[in-house]
Amino acid sequence: MSGASLRFEAVSARYPGADRDAISGIDLEIAAGEFVTLVGPSGCGKTTLLRTVNRLAPLTGGRILIDGSDSMAIDAVELRRTIGYAIQATGLFAHMSVARNIGVVPSLLRWSKAEIDERVDAMLELVRLDPVRYRDRRPRELSGGEAQRVGVARALAAGPRILLMDEPFGALDAIVRRTLQSELLEIVRTVGSTTLFVTHDVNESLHLADRIVVLHAGSIEQVGTPIEILRNPRTSFVEQLFAPDEAIAELRNEAAHR
Amino acid sequence: MSYILAHPERVAALLAAHVAIVASALLLAIAIALPLGIRAARAKNGAPLLLGTLSAIYTIPSLALLAILVQLVGLGTLPIFIALVAYAQFMLVRNVVAGLRSIDPAITDAAAGLGMSARQSLLRVELPLALPVILAGVRVAAVAMIALATLGAYVGAGGLGTLIFTGLALHHTDEIVAGALASAALAIGVDVLLRGVERLVSS
């Protein structure tokens, strides 16, 4: 399996009843297998942009091409089954075991029970949870980090060509988050999905991204590799967003000189 | 107590009739309340008209409602059956709405994002998650209906109320107590049973 390419052409989205576009005039090309982070402050439109891909957010202008074909050409429900989706609150279904959560999309796609069981175990191995110990647990019996691993496993279970993640590690402490970030990179490299990852944490975006998309007030402020963005921030907004924390820098300095 | 021991067959037959009318009314009431509650839960404004109407029905004194129904459909089982179904709506619909509304929006977002249709999301995720709250409504309704159904005897529907009303007419305290005890025991038994079911589904 490999990732799909994505192309946004003049994409805009406006929620019903809103008086302005949540995002507008988005032009963006993402290569197959690329890991792209969407960064910006609250309300910048990063989550909306992510959600236009699986049509959870209404496209009100432009179009999105997935491997060259218009995302509006197929039924939204069908489309979503081919796109992995993981969110911050994990969205795990409390009344289902870990195995059934991971098997949700394969079962929607009517895989056989044997195929689903096999895939569930493989996904648990992939996210480093022992299948024997975790298969039959309920979500409430998992730690935050474990739940998020299951969320990732569920998003990837049916071998999606595109993976959408909306602040999946937002609720985790820094150490667990760091571990999961590194593991995620490895996992995504293994499965080859093209990944869009929303975060407001610039360090997270620098750590994960092949390319970073900086959003501000519904428009793209800059697109570039982490190095390009750090070296040549195109606007003062980008520069400020990625500026190292001065207070911490000062403290470090002070500590070094004591 | 002595009446029940002296006439076990009569009490058992009346109990069976009581259970039959309550159970059938409860099943129909659930069949009506589920779709109503699902719609109300999805309505953006919270369906105040529907819930308002149901709560208005709920506040009509039961004897008055029964009197009106007798005028409309005559004596027998039918008026009490309709009254039971109507009274239960408020308790059932209210809990269906509460159960569905209590679900974290992130859960329904995940269900949609993973590719469930609205129907699949409802059947596989939302209703199972709302089930404990819905069942609590069923339990409260069932217990209230058991009490209310004793009035059925007054309009010729039979059931445990028969003991109470004939007892009152003939000044047989024993018979009144027997009817009261039997219906109370039934209510408590059903309550305990349904609490057990709730515990089973929410574990």
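Q: How many bridges join strand β7 of chain A to β8(A)?
A: This is a predicted model. In it, β7 covers residues 162-166 of chain A and runs parallel to β8(A). One facing pair is A:L164 and A:L196. The number of bridges joining β7 to β8(A) is 5.

Q: How many residues of strand β8 of chain A are buried?
A: β8 holds residues 194-199 of chain A and is mostly covered. A:T194, A:L196 and A:V198 point one way, and all are buried. A:T195, A:F197 and A:T199 point the other way, and these are buried as well. The count of buried residues in β8(A) is 6 of 6.

Q: Is A:L172 buried, exposed or partly exposed?
A: A:L172 lies in the loop between β7 and α8 of chain A. A residue counts as buried at 20 or more C-beta neighbours within 10 Å, and as exposed at 12 or fewer. A:L172 has 19, so this residue is partly exposed.

Q: Which residues does A:L172 touch, not counting those up to four places away in sequence?
A: A:S205 is 33 residues from A:L172 in sequence and 16 Å away in space, C-alpha to C-alpha. Contact needs C-beta atoms within 7 Å. The residues that A:L172 touches are A:G144, A:G145, A:Q148, A:R177 and A:L180.

Q: Which strands stand at the edges of the open sheet of chain A?
A: This sheet has 4 strands in the order β2-β1-β4-β5, with antiparallel pairing. An edge strand has a single partner, so one of its sides is left without a neighbour in the sheet. The edge strands of chain A are β2 (23-30) and β5 (69-70).

Q: Which residue in β5(A) stands opposite A:L65?
A: Strand β4 of chain A covers residues 59-66. β4 and β5(A) run antiparallel, with 2 bridges joining them. Opposite A:L65 stands A:D70.

Q: What angle does the direction of helix α1 of chain A make with that of β1(A)?
A: Helix α1 covers residues 46-53 of chain A and packs on the sheet. There α1 touches β1, β2 and β4 of chain A. The angle between the directions of α1 and β1(A) is about 120 degrees.

Q: How are α3(B) and α5(B) placed relative to each other: parallel, antiparallel, perpendicular or oblique?
A: α3 (residues 48-59) and α5 (residues 77-101) of chain B pack with their axes 8 Å apart. Their crossing is left-handed. The contact has 8 nonpolar, 2 polar and 1 charged residues. The angle is about 135 degrees, so the two helices are oblique.

Q: Which element gives the largest share of the side of chain B that touches chain A?
A: 14 residues of chain B are in contact with 15 residues of chain A. α6 (105-113) and α7 (118-148) of chain B each give two or more residues to this side. By class, this side of chain B has 9 nonpolar, 3 polar and 2 charged residues. The largest share, 6 residues, comes from α6(B).

Q: How far apart in space are B:A118 and B:T108, C-alpha to C-alpha?
A: B:A118 is in helix α7 of chain B. B:A118 is partly exposed, with 13 other C-beta atoms within 10 Å. B:T108 is 10 residues away in sequence. The C-alpha to C-alpha distance between them is 9.3 Å.

Technical notes:
Residues numbered from 1 in each chain as written. Chains lettered and ligands numbered in written order. Predicted model: local features only at pLDDT ≥ 70, side-chain atom pairs only at ≥ 80, totals over all residues. Contact = placed C-beta atoms within 7 Å. Nonpolar A, V, L, I, M, F, W, Y, C, P; charged D, E, K, R; others polar. Axes fitted to C-alpha atoms, helices over the stretch in contact; angles between N-to-C directions. Parallel < 35°, antiparallel > 145°, perpendicular 65-115°, else oblique. Left-handed = near helix turned anticlockwise from the far one by under 90°. Pairing = 2+ DSSP bridges.
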